[in-house]
Amino acid sequence: MIKIKDGLLKSLLGIILIIYAVSIFLPILLMLLTSLKGNREIFTNPYGLPHIFNLDNYIKLIKISNYLVYFKNSIIVAVTSIFLILIISSLASFVIAKYRFMGNRFLYFYFIAGLIIPIKLGTIGILKTMITLHLFDNIASLVIVNVAMGIPFGVFVLTDFIRMIPEELSNSARIDGCSEPKIFYKIIVPLIRPALAAVAIINFIPIWNDFWFPLVLIRSDNIKTVPLATALLYGQYETNFGLIFAVLSMASLPVIIFYLILSRQFIKGLTAGALKG
Amino acid sequence: MVKSYKKKIRYFIPLFLAAAISIYTAFLVVPIFNSMILSFYSGSGMTPSEFTGFGNYIKLFTQFPFKDRFFGAFGNTIKFFLMVTLVQNVLGFVIAIMVSRKFAGSKIFRRISFLPTTLSVLAVGFLFSLILNPIWGFFDKILEVIGLEFLIKPWLGIPLTALPILAIVVSWQFMGESVLFYTAGIDAIDSEVLEAAKIDGAGLLAEVRYIIFPSIRPIIGIVTILIFVGDFTQFDIVYAMSTSMGNPSYSTDLFGSLFYRTAFSSLERGGWGMGMGAAVATIIFLIVSVGVLFWLFVFRMKGVSQSE
């Protein structure tokens with residue numbers, strides 16, 4: 001009796017799983033496939049595979065808008081932000097993990113609190129500061145905000161990782177006359193590369209996708225990022241379905257490809273965070 | 001070892017900390033307090049200069065249209081949060097139980113389930129608006145095929161259905177997060193315990209109830225608090241699917257969109273000036289803080305005292 005019920009339950013769960021899998025792929029595939037169809041085909045053959053895979057919508061997108069510039073801006077913001085997050089949070093994590101000083105524990109929790117504080121709610125203050133610093137409508141403002149947002153997760157992951165490095169390694173370097181900063185970049189940095197990679201990978205996605213801060217801080221067209229461009233073009237070409245799906249695909253493909261290549265490291269990094277947190 | 005280095009001047013400690021402390025403090029911590037101070041001032045432009053005490057808050061809670069918009073968004077945000085929490089926790093848990101079992105493709109399935117979470121909320125919102133679009137809409141077509149044409153309606157145009165649709169889209173997108181966290185929790189359960197239960201003849205339901213559920217309870221807390229903080233500041237989905245006005249007739253207006261409109265939009269588009277915007281941000285911050293403290297108190301006290 002129990003067995004039959006279990007069997008039924010398991011097949012029911014199996015069906016849920018299949019429906020779920022379909023629901024993941026269908027919208028994404030629909031987006032990618034429609035972006036490859038001509039405008040007439042979207043209506044004559046809305047749900048099938050495209051007759052010919054053509055990139056006309058993408059070519060048109062690049063012709064009618066500054067898309068390549070937006071794309072370049074997003075890459076500049078992401079790369080610079082991640083680079084700075086790695087340097088700044090590894091320096092802080094090293095000191096917090098390896099040295100005892102007044103306020104050490106407090107400092108750790110001070111940074112970790114940022115994991116749960118919604119930075120969005122400080123946007124008015126950020127906007128005012130950026131105006132004072134003459135960084136309003138400047139791409140640097142996005143980098144600064146991203147770094148502030150990235151530090152908590154960076155410190156959280158890296159401090160833990162550095163704590164696990166045996167002190168003997170540093171001590172033998174000290175005996176050889178190594179200064180403390182030198183220990184950091186000669187011994188610690190090479191050892192924490194996997195953790196640095198995890199921090200970089202996990203930060204890339206929210207930074208690439210951020211729409212809120214560009215919306216508030218950026219005005220000039222030549223420094224807009226991909227999410228801003230997505231909203232702009234969606235508003236302008238709402239009825240040109242082929243073009244709109246190309247816009248959405250262009251915004252999504254970088255993260256999809258990035259994730260598919262690095263998903264193992266990605267999941268490992270996030271899982272470790274979840275179990276500890 | 002630490003002791004013997006105490007005597008040296010450790011100039012590098014403040015140096016190494018300087019960048020992290022100053023950027024984090026200046027651009028994450030101070031701005032929030034800045035908003036709190038600003039919420040006591042009124043006036044136009046970027047820096048309202050006229051001190052009004054609790055004037056902005058009184059306006060927000062008692063005067064038309066401020067109180068209507070505020071309590072409207074408050075109610076919507078709570079409904080939205082409850083719907084997302086329910087879907088993401090229940091379905092996420094069920095799917096996690098499935099994918100934590102070893103079957104052909106279970107590893108790949110885990111990875112795939114996180115894919116939507118990596119996309120931007122904005123793009124997902126636009127995508128689902130198009131799918132629900134009455135002219136082109138794929139969704140209506142599906143309903144037709146499975147014989148439910150009577151259900152076809154402008155889902156995003158009706159106040160009653162618009163908010164649940166937004167909640168479903170957000171749950172769809174972030175389901176991967178719940179699945180990932182719950183699977184991690186289930187994987188961490190000692191496999192000998194599960195084996196023993198099986199030998200004792202425990203069925204799947206008993207296994208879930210007596211072994212899996214109790215051991216992942218803290219993860220339910222983490223997933224819920226992440227949803228809570230995310231939903232109480234959610235903006236992108238409203239912007240993409242029902243504009244920053246929370247159409248139709250403010251039925252999808254959430255705290256995130258209310259804050260954006262009041263603080264950063266022009267007067268004609270629902271702007272209330274920086275002082276009022278700051279008051280809205282402060283109230284949201286207080287609500288989120290109370291929620292987080294409550295979570296820390298309920299779910300984390302044990303954990304913290306253990307790790308001390």
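Two residues are in contact if their C-beta atoms, placed from the backbone, lie within 7 Å. By that rule, Leu17(A) touches Ile95(B) and Met98(B), leaving out residues up to four places away in sequence. The model is predicted: local features need pLDDT of at least 70, side-chain atom pairs count only at pLDDT 80 or more, and totals for chains, interfaces and linings use all residues. Residues are numbered from 1 along each chain as its sequence is written, while chains are lettered from A and ligands numbered from 1 in the order in which they are written.

**Leu17(A)**
- Leu17(A) sits in helix 1 (residues 2-34) of chain A; helices are DSSP runs (H or I, at least four residues) numbered from the N terminus.
- Leu17(A) has 19 other C-beta atoms within 10 Å, so it is partly exposed (buried means 20 or more, exposed 12 or fewer, partly exposed in between).

**Where the chains meet**
- In chain B, 67 residues are in contact with 75 residues of chain A.
- Helix 1 (residues 12-38) of chain B gives the most to chain B's side, with 17 residues.
- That side of chain B has 55 nonpolar, eight polar and four charged residues (Ala, Val, Leu, Ile, Met, Phe, Trp, Tyr, Cys and Pro count as nonpolar; Asp, Glu, Lys and Arg as charged; the others, Gly among them, as polar).

**The largest core**
- The largest nonpolar core has 158 residues (a set of buried Ala, Val, Leu, Ile, Met, Phe, Trp, Tyr and Cys residues joined through C-beta atoms within 7 Å).
- Helix 8 (residues 159-187) of chain B gives the most to this core, with 16 residues.
- Among the residues with the most contacts inside this core are Ala148(A) and Leu166(B).
- Leaving aside neighbours within four places in sequence, Leu166(B) is in contact with Phe80(B), Ile237(B), Val238(B), Met241(B) and Thr252(B).

Definitions and conventions. Helices (H or I, at least four residues) and strands (E, at least two) are DSSP runs, numbered from the N terminus.
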